[in-house]
Amino acid sequence: MNSPVADYFAGKTIMLTGGTGFIGKVLVEKILRCCPDVDKFYLLIRPKAGQDPQQRIKKEFVECKRIKGSSTVVVAERDIERYPNTSSRDTIESRRYSAVRLLTESYEASH
């Protein structure tokens, strides 16, 4: 029996920033474990400490079996902070706009 949360996310696409942070890792694992029918799960991850996003995913989620080889999880290898846009970079709206552009590019690249 699915929970209302799992039913809500069934067939949906999720985009998450901060997925390698303290709370983000817990959220990613919880969604993958409790919402098996999520269509796509985009993780926007930036390079950090000399590691590219793919390396960071492998390191941060070494114990998570659901993320390894998953066709549901797509890592968007971009850094919102460095992504140019036409809006002011200091507003929430411009960051949201950048995130949507990154998601669109990642989706188009995977199809």
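Predicted model: local features only at pLDDT ≥ 70, side-chain atom pairs only at ≥ 80, totals over all residues.

Tutor: Leaving aside residues up to four places away in sequence, phenylalanine 41 touches Ile14, Leu16, Val28, Ile31, Leu32, Thr72, Val73 and Val74. Phe41 also belongs to the largest nonpolar core, which has 17 residues, and Phe41 is listed with Val28, Leu32, Leu43, Ile57 and Ile67 as the members that touch the most others. The elements that give two or more residues to this core are strand 1, helix 2, strand 2 (40–45) and strand 3 (73–77).

Helix 2 deserves a look of its own, and we can start with its charged side chains. Glutamate 29 forms a salt bridge with arginine 33, and their closest N and O atoms are 2.9 Å apart. These two residues are four places apart in helix 2, which means that about one helical turn separates them. Glutamate 29 is partly exposed, because its relative accessible area is 26%, and arginine 33 is also counted as partly exposed because its value is 38%. A search of the whole structure finds one salt bridge.

A disulfide is a covalent bond between the sulfur atoms of two cysteines. For cysteine 34, the closest cysteine sulfur is the one in cysteine 35, but the distance is 6.2 Å, so the two are too far apart for a bond. The cut-off used for a disulfide is 2.5 Å between the sulfur atoms, and by this rule the count comes to zero disulfides.

Finally, consider the loop between strand 1 (13–17) and helix 2 (22–34), where threonine 20 lies. Although threonine 20 is in a loop, it counts as buried because its relative accessibility is 14%, and the cut-off for buried is under 20%. The side chain of threonine 20 makes a polar contact of 2.9 Å with the side chain of arginine 56.

Conventions. Residues numbered from 1 in each chain as written. Heavy atoms only, no water. Buried < 20%, exposed > 50% of the residue type's maximum accessible area, 1.4 Å probe, protein only. Polar contact = N/O pair within 3.5 Å; in protein donor to acceptor, adjacent residues only side chain to side chain. Salt bridge = Lys/Arg side-chain N within 4 Å of Asp/Glu carboxyl O. Core = buried A, V, L, I, M, F, W, Y, C linked by side-chain atoms within 4.5 Å. Contact = heavy atoms within 4.5 Å.
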